[in-house]
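Let's walk through this one together, starting with a charged pair and working towards the core. Keep the model open as you read.

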Amino acid sequence: MTRVGTTASGGVAVLALVAGCGAGGSSGAAEQGGPPPTVRVQSGGQDVTVQPSQYCLDGTGERYAGTPPVIEVQPDSTISLTVPDAVARQGWSVQVYDDQLQDLLGEVDVPEDTPTFTGINSSDAVPPAYYLVVVEDSQDSSCSGLSGAWPVGFIRSGEDAGTDPAAPTG
């Protein structure tokens with residue numbers, strides 16, 4: 001993961017699209033000088049660790065270059081999202097984006113102080129390819145308005161995501 005410094009007005013295009021980043025900093029889960037926290041995503045037999053695309057680290061808003069992981073999931077599979085305890089205490093939600101991580105399709109509120117959330121099914125989003133972005137709640141004014149954001153893509157197996165140019169057209 002590459003660390004990219006930022007200001008409130010700068011940033012990477014994908015990161016600027018994460019709505020709901022709040023008006024403040026983060027839980028301070030990584031304020032002890034360590035790396036930013038990760039989020040665990042599980043569905044079916046898959047178990048993936050997701051790095052943040054942005055995080056308030058040591059009182060400084062950081063954005064990270066990299067490509068979010070994409071997971072192939074079976075239809076009607078439970079998606080389990082696990083955040084660090086500090087993020088759970090701070091509060092978090094899940095934003096649903098299109099397959100280009102550009103259009104916000106919806107948001108799922110996670111109950112307060114919940115480290116593992118299993119309330120999302122792989123078939124809940126209408127398109128067969130989409131992104132979920134775990135977004136940490138903000139409660140203070142540090143880090144130029146950044147909070148934690150962890151994007152992960154999903155493709156439902158057996159469904160046409162509309163990206164296969166070789167698919168028959170009629």
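Keep in mind that this is a predicted model. Side chains of opposite charge can pair when their charged atoms come close.

R40 stands opposite T49 in β3. Strand β2 covers residues 39-43 and pairs with β3 in the antiparallel sense, over 5 bridges. Zoom out and you'll see an open sheet of 4 strands, running β3-β2-β7-β10 with antiparallel pairing. At its edges sit β3 (46-50) and β10 (116-121), each of which pairs on one side only. From one strand to the next, the twist averages 20 degrees.

On to the nonpolar interior. In soluble globular proteins, nonpolar side chains tend to be buried together. Here the largest nonpolar core has 27 residues, and the ones touching the most other members are V41, I79, L81, W92, L132 and F154. Take L132 as a way in: setting aside neighbours within four places in sequence, its contacts are I79, V94, Q95, V96, I120, W150, P151, V152 and F154. Another core lies apart from the largest one; this core has 6 residues, including Y97, L101, V133 and V135.

How values were computed
Residues numbered from 1 in each chain as written. Predicted model: local features only at pLDDT ≥ 70, side-chain atom pairs only at ≥ 80, totals over all residues. Heavy atoms only, no water. Pairing = 2+ DSSP bridges. Helix = DSSP H or I, 4+ residues; strand = E, 2+ residues; numbered from the N terminus. Axes fitted to C-alpha atoms, helices over the stretch in contact; angles between N-to-C directions. Core = buried A, V, L, I, M, F, W, Y, C linked by side-chain atoms within 4.5 Å. Buried < 20%, exposed > 50% of the residue type's maximum accessible area, 1.4 Å probe, protein only. Contact = heavy atoms within 4.5 Å.
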